[in-house]
Amino acid sequence: MELFKLLLLVISVVAFLSAPIAALERGGKLGSKSSGLLEIDSTIFSRHLLNDSQPQIVESLSDGYMSNAALEEAISEIGQRCGHICNIYSIGKSVKGFPLLVIEISDKPGQEEAEPAFKFIGNVHGDEPVGREVLVRLANWLCNNYMKDPLATLIVNNVHLHILPSMNPDGFDMRRRGNANNVDLNRDFPDQFYPLIDGLTQRQPETKAIIKWVEGRQFTASASLHGGALVANYPWDGAQDGSSRKEYFACPDDKTFRYMASVYSRSHYNMSLSKEFEGGIVNGALWYPIYGGMQDWNYINGGCFELTLEISDEKWPKADELATLFEYNRISMLNLVASLVKAGIHGRIFASNNGGPLPASVMIKGSDYGVNASRIFGDFHRMLAPHESYEVTASMPGFKSKTTKIFLEDKAVNLDFVLDPEENQAQFNRFDLNKSGFLSMYLDYFPIIFLISLSFLCFLLKRKAIFKFLKQSQSQAQKSPTSAV
């Protein structure tokens with residue numbers, strides 16, 4: 001009997017000790033809140049492509065947070081109060097029809113400029129609302145401090161900053177991770193390593209709105225704000241074999257992403273002091289692989305360097321802590337946006353035959369992912385890590401490519417290209433689609449040409465009617481004597 005009791009005791013001790021080990025295997029380090037799900041009783045959850053059961057949010061946790069209606073009102077108020085540097089627009093609607101409102105901040109909001117563009121996206125997961133609160137505060141701070149604070153002024157004058165406080169308003173309203181269809185939006189993007197979630201037909205409306213937004217604008221860099229950990233996460237988020245194995249899987253611009261993540265972490269109140277993540281940054285695949293994520297899609301399809309920022313250990317901190325959390329993250333957000341001006345390469349690309357801007361592609365040797373210059377100005381903006389040598393190539397069909405080598409120090413480098421047309425394309429390039437081309441000139445003057453053409457057509461019709469009337473009158477005059485006889 002004593003032996004039996006001893007055996008039971010040993011089994012109990014083993015079970016007790018094995019529980020935290022199993023938790024480690026499911027979600028990372030013991031006691032971490034770095035999963036993507038709400039923490040309950042220190043349980044560790046891992047990120048999964050499809051989430052099954054999800055912990056319920058206690059309603060009292062949301063006390064003091066803006067409702068969706070209050071958020072819309074706050075955004076509208078920013079637009080009215082700061083109209084000189086703000087433009088409010090919508091990129092679409094959620095499943096339930098709530099508008100996905102964006103605050104654009106610039107010295108020329110709503111206008112095209114030869115400047116880099118940055119976007120912040122908050123509340124990707126409905127149960128991670130800190131981002132939406134922090135981003136509204138950021139917009140207000142920039143409005144209040146423009147022409148007062150040098151960093152605020154630098155950003156407003158040199159960057160087009162786009163802020164989407166809530167990508168998932170329905171999920172917030174329902175107090176859950178997924179949207180109204182219970183789909184995790186950060187697993188809903190096409191993925192290079194996971195063909196099963198490729199294509200666009202089955203995408204959620206919020207996901208489609210982001211995709212259309214990125215495809216319609218040229219964003220240089222981006223960041224989405226999450227909660228449940230304190231770390232700056234960078235690509236790749238998944239592994240090439242599509243497995244759930246945790247190992248470092250670097251993208252071609254790994255050094256640049258590490259630089260950007262470090263800019264945020266080192267500017268933060270305590271993110272870089274993390275004992276869990278060295279320097280407060282982590283490769284997504286090493287942390288825990290996910291597929292269908294937004295940051296990898298942005299980098300591959302938009303040439304947009306996106307980070308996933310976990311900015312709060314708690315998913316639902318008390319509302320009276322939000323102001324402090326904003327202050328902890330404010331300088332980090334500002335420095336990350338300002339890095340678009342202070343780092344990387346910037347320039348314009350022109351055609352040598354007519355001097356017009358070219359929407360050429362800019363590639364860095366060693367990376368498969370380039371950026372495109374704009375059609376209107378031919379300007380390009382490319383993030384690169386400092387203290388490195390790079391081979392930069394500008395190319396466009398119908399033109400001869402040009403390559404140059406640079407060494408990037410602590411400051412941004414301005415790099416312009418003038419491309420020569422290929423001989424067999426010289427005639428064609430006279431009619432290219434830039435501002436100095438014939439087609440663009442024709443489109444610019446189309447209203448005038450249309451009015452002149454319409455006037456001339458009316459003149460011809462009127463003239464024809466007059467001739468017809470005169471002919472009929474003459475015919476009747478000739479018939480009159482015969483009728484009188």
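This is a predicted model: local features need pLDDT of at least 70, side-chain atom pairs count only at pLDDT 80 or more; totals for chains, interfaces and linings use all residues.

**Strand β9 and its partners**

A: The pairing between β9 and strand β16, residues 417-419, is parallel and extends over 3 bridges. Strand β15, residues 413-414, also runs parallel to β9 and is joined to it by 2 bridges, with isoleucine 345 standing opposite valine 413. With strand β12, residues 379-382, β9 pairs in the antiparallel sense over 4 bridges, and here histidine 346 is found opposite histidine 381. The strand itself, residues 345-351, is mostly covered, as 5 of its 7 residues are buried.

Turning to the nonpolar packing, the largest core holds 66 residues, of which Ile105, Phe118, Phe120, Leu138, Leu309 and Met333 touch the most other members. Phenylalanine 120, when residues up to four places away in sequence are not counted, touches Leu135, Leu138, Leu161, His162, Ile163, Leu164, Ala223, Leu225, Met333 and Val337.

Helix α4, residues 150-158, has Leu151, Ala152, Thr153, Ile155 and Val156 buried, and the cover over its buried residues includes β2 (99-105), α3 (130-145) and α10 (322-342). At the start of this helix, a side-chain oxygen of aspartate 149 comes to within 2.9 Å of the backbone nitrogen of leucine 151.

Key:
Residues are numbered from 1 along each chain as its sequence is written. Side-chain values use heavy atoms; hydrogens and water are left out. Buried means under 20% relative accessible area, exposed over 50%, partly exposed in between (1.4 Å probe, protein chains only). Contact means heavy atoms within 4.5 Å. A polar contact is a pair of N or O atoms within 3.5 Å; within protein, one must be able to donate a hydrogen and the other to accept it, and residues adjacent in sequence count only if both atoms are side-chain atoms. A nonpolar core is a set of buried Ala, Val, Leu, Ile, Met, Phe, Trp, Tyr and Cys residues joined through side-chain atoms within 4.5 Å. Two strands pair if DSSP finds at least two bridges between them.
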